[in-house]
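These are my notebook entries on one protein chain. I went through the fold, the cores, the aromatic pairs and the backbone exceptions in turn.

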Amino acid sequence: MRDEYLAENCLSAVSPKDKIADYETEVVKYVDKLNEVYHILEFLGNSRRIGAIVMNCNPFTLGHRYLIEESAKKVQKLIIFVVEENRQVMMDASLDLNIFSSYIAPKFGITIRFAGEEPIDPVTAQYNRQMRERFSKEGRIEFSEIPRKELEGEAISASLVRKELENGNWEKIRMMVPATTYEFLKSDGAVRG
C-alpha cells in the first residue's frame, strides 16, 4: 500500500537529465563491449571506407547474402550487426538511429549504412525513409538502399520464407535460402511457429 502511494503521489528522485546521463553511459558501455568481444577496431585496421548493415536474419536468406555481397563491393570493410527484431522500436526509429549515428558510427568510423529496399513491409519501409532523412540531414553517414534480390519476380524476404514454412513449401524455401539455412530449417533443432 505504501509503495503504491509513493508511486502515485511522489516525484521521481531521478531527474530527466540523470536519466539521459544513465542512458548515454549504458550505450557507451555497450559499444565498448561490442569492440571488446568482437575486436571490431582491430578488424577495421586503417580502413577508411567502412560500411555497416543492421539486419535481423530470421531466417538468413539469399536476399541477406545478396545485400551483404553488394554492400561489401562498395567499402573496404563491412560490419554486420545481427539484431533481434523489435517492432516497437522500429515504429519510432529515432532511438535506434540516435544510438547508431551518435555512438556506434563514430566509434567504428562507419561512413555508410546499407539497407535492402523494402517493397513489402510498410514498417521497414518507413524505417528506411527515416534513416535516409536523418543521415542526409546530419551529413556524416551516407545511406545506400540496395535493390532486393528476387525470385520469380518476388522480393526474397525472411517473412516470405516464414510464410512458406507455415505452408510447408520446402521446394520454394530451398530456392530462397542458402543450403545451411535450409538444412537447419529442416532439422529437429529449428523452432517453428
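**Entry 1. Conventions.** I took helices (H or I, at least four residues) and strands (E, at least two) as DSSP runs, numbered from the N terminus. I noted that this is a predicted model, in which local features need pLDDT of at least 70, side-chain atom pairs count only at pLDDT 80 or more, and totals for chains, interfaces and linings use all residues. Residues are numbered from 1 along each chain as its sequence is written, and side-chain values use heavy atoms, with hydrogens and water left out.

**Entry 2. Overall.** I recorded 10 helices and 6 strands in the protein. For burial I used relative accessible area: buried means under 20%, exposed over 50%, and partly exposed in between (1.4 Å probe, protein chains only). By that rule 38% of the 193 residues count as buried. The protein exposes about 12,400 Å², of which carbon and sulfur atoms supply 51%; these areas come from the Shrake-Rupley method with a 1.4 Å probe, and for residues only the protein chains shown count as cover. I took contact to mean heavy atoms within 4.5 Å. Among contacts with a separation of 6 or more, 72% are between residues 24 or more positions apart.

**Entry 3. Helix 7.** I looked up helix 7, residues 122-138, which has 17 residues. Its first and last C-alpha atoms are 24 Å apart, close to the 24 Å expected at 1.5 Å a residue; the expected span is 1.5 Å times one less than the number of residues. The buried residues of helix 7 are V123, T124, A125, Y127, N128, Q130, M131 and F135. As background, an α-helix has 3.6 residues a turn, so residues three or four places apart point the same way. G139 follows helix 7 and has a positive phi, near 75°.

**Entry 4. Cores.** I defined a nonpolar core as a set of buried Ala, Val, Leu, Ile, Met, Phe, Trp, Tyr and Cys residues joined through side-chain atoms within 4.5 Å. Which members of the largest core touch the most other members? They are I79, F81, F100, I104, F108 and I110, out of 24 residues. Two or more residues each come from helix 2 (16-38), helix 3 (40-44), strand 1 (50-55), strand 2, helix 6 (94-108), strand 3 (110-116) and helix 7. Helix 6 gives the largest share, 7 residues. Not counting residues up to four places away in sequence, I79 touches I40, L44, I50, G51, A52, I53, F108 and I110. I also noted a second, separate core of 11 residues, including L62, L160, V177 and L185.

**Entry 5. Aromatic pairs.** I paired rings of Phe, Tyr and Trp (its six-membered ring) if their centres lie within 6.5 Å; planes under 30 degrees apart count as stacked, over 60 as edge-to-face and the rest as tilted. The count is 2 aromatic pairs. F100 and F135 form a tilted pair, 6.0 Å centre to centre with 40° between the planes. This pair links distant parts of the chain, with F100 in helix 6 and F135 in helix 7, 35 residues apart. Both F100 and F135 are buried. The ring centres of W170 and Y182 are 5.9 Å apart and their planes are at 85°, so this pair is edge-to-face. W170 is in helix 9 (residues 170-176) and Y182 in helix 10 (residues 179-186), 12 residues apart. Y182 counts as buried because its relative accessibility is 9%.

Entry 6. I found the peptide bond from N58 to P59 to be cis, with omega near 5°. P59 lies in the loop between strand 1 and helix 4, and C57 is in the loop between strand 1 and helix 4 as well. C57 has a positive phi, near 55°, in a residue other than glycine. Its relative accessible area is 18%, so C57 is buried. Most residues other than glycine have a negative phi, and most peptide bonds are trans.

**Entry 7. H64.** H64 is found in helix 4 and, at a relative accessible area of 13%, is buried. Leaving aside neighbours within four places in sequence, H64 is in contact with M55, C57, P59 and A158.

**Entry 8. E152.** I located E152 in the loop between strand 5 (150-151) and strand 6 (154-155). E152 has a positive phi of about 55° although it is not a glycine. Is E152 buried or exposed? E152 is exposed, with a relative accessible area of 65%.
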